[in-house]
Amino acid sequence: MSECETESWEYSLHIPNDPRAVTICRRTLRLILTMHGLIRLVDTAELLATELVSNAVRHTKGPAALRVHWSAGVLRIGAWDADPEPTEPPKTPKPLDRLTDAENGRGLALVRAYAQVWGWQPQSTNGGRGKYVWCELTAA
C-alpha cells in the first residue's frame, strides 16, 4: 500500500433534498478516491454511494449527507438522512443481472451484493436525528 492508502481520513458532504445532489456526490467521491490513490475502488464505490444517497434523497423530505471514511484498508461509505425510520433490507435476493436493469427497489440489494458488510444506525444520541446507512469495501 502507498502512503496515501495507509493514512486515515474522512469527508462529509452535506446536500439538499435534490435529485441533482446524487450526481454531485458521485463525482465528489470519484475525486476523493482518485486523490487518495484508491482509483481501483471508484467504480464500486460510486455505485454504492449512488444507491445510498438516492435512497436518502428519494425517500425523505429533509437534508442529507454523504460520509466517506478510510482507515486500515477499509472504505466506509454512508448516507445520513433526517428520517429516523429503519431501512428495510431487500426481502428476496435477486440475481445481479436483474438488479442492474430494475428502475426501483434495487438500492439496498445492490449494496448487499457488492459491499463486504452494510448496516444502519439511528442518529438520536446527543440531539441528533435521522439515520445513517453505511457499507464497507476493503482494498484487498
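**A close look at the sheet**

A: Start with a quick check: there are zero disulfides in the structure, a disulfide being a pair of cysteine sulfur atoms within 2.5 Å. This is a predicted model, in which local features need pLDDT of at least 70 and side-chain atom pairs count only at pLDDT 80 or more, while totals for chains, interfaces and linings use all residues. Residues are numbered from 1 along each chain as its sequence is written, and side-chain values use heavy atoms, leaving out hydrogens and water.

Now the sheet. It is open, has five strands in the order 1-2-3-5-4, and pairs them antiparallel. Strands (E, at least two residues) and helices (H or I, at least four) are DSSP runs, numbered from the N terminus. Two strands pair if DSSP finds at least two bridges between them. Strand 1 (9–15) and strand 4 (117–122) are at the edges; each has a single partner strand, so one side of each lacks a neighbour in the sheet. From one strand to the next, the twist averages 15 degrees. Axes are lines fitted to C-alpha atoms, for helices over the stretch in contact, and angles run from 0 to 180 degrees between N-to-C directions.

Strand 4 is joined to strand 5 (residues 131–138) by six bridges, and the two run antiparallel. Here Trp118 stands opposite Cys135 in strand 5. Cys135 is buried, at 1% relative accessible area. Buried means under 20%, exposed over 50%, and partly exposed in between (1.4 Å probe, protein chains only).

Trp9, Tyr11 and Trp70 form one aromatic cluster. Rings of Phe, Tyr and Trp (its six-membered ring) pair if their centres lie within 6.5 Å; planes under 30 degrees apart are stacked, over 60 edge-to-face, and the rest tilted. The structure holds two aromatic pairs. Trp9 and Tyr11 are edge-to-face, with 5.4 Å centre to centre and 65 degrees between the planes. Trp9 and Trp70 have ring centres 6.5 Å apart and planes at 20 degrees, so this pair is stacked. It links distant parts of the chain: Trp9 in strand 1 and Trp70 in strand 2, 61 residues apart. Trp70 is buried at 0% relative accessibility, and Trp9 is buried at 8%. Tyr11 is partly exposed, at 36%.

Finally, helix 2 (residues 20–35) lies across strand 1, strand 2 (64–71) and strand 3 (74–81), at about 165 degrees to strand 1.

Terms used
Contact = heavy atoms within 4.5 Å.
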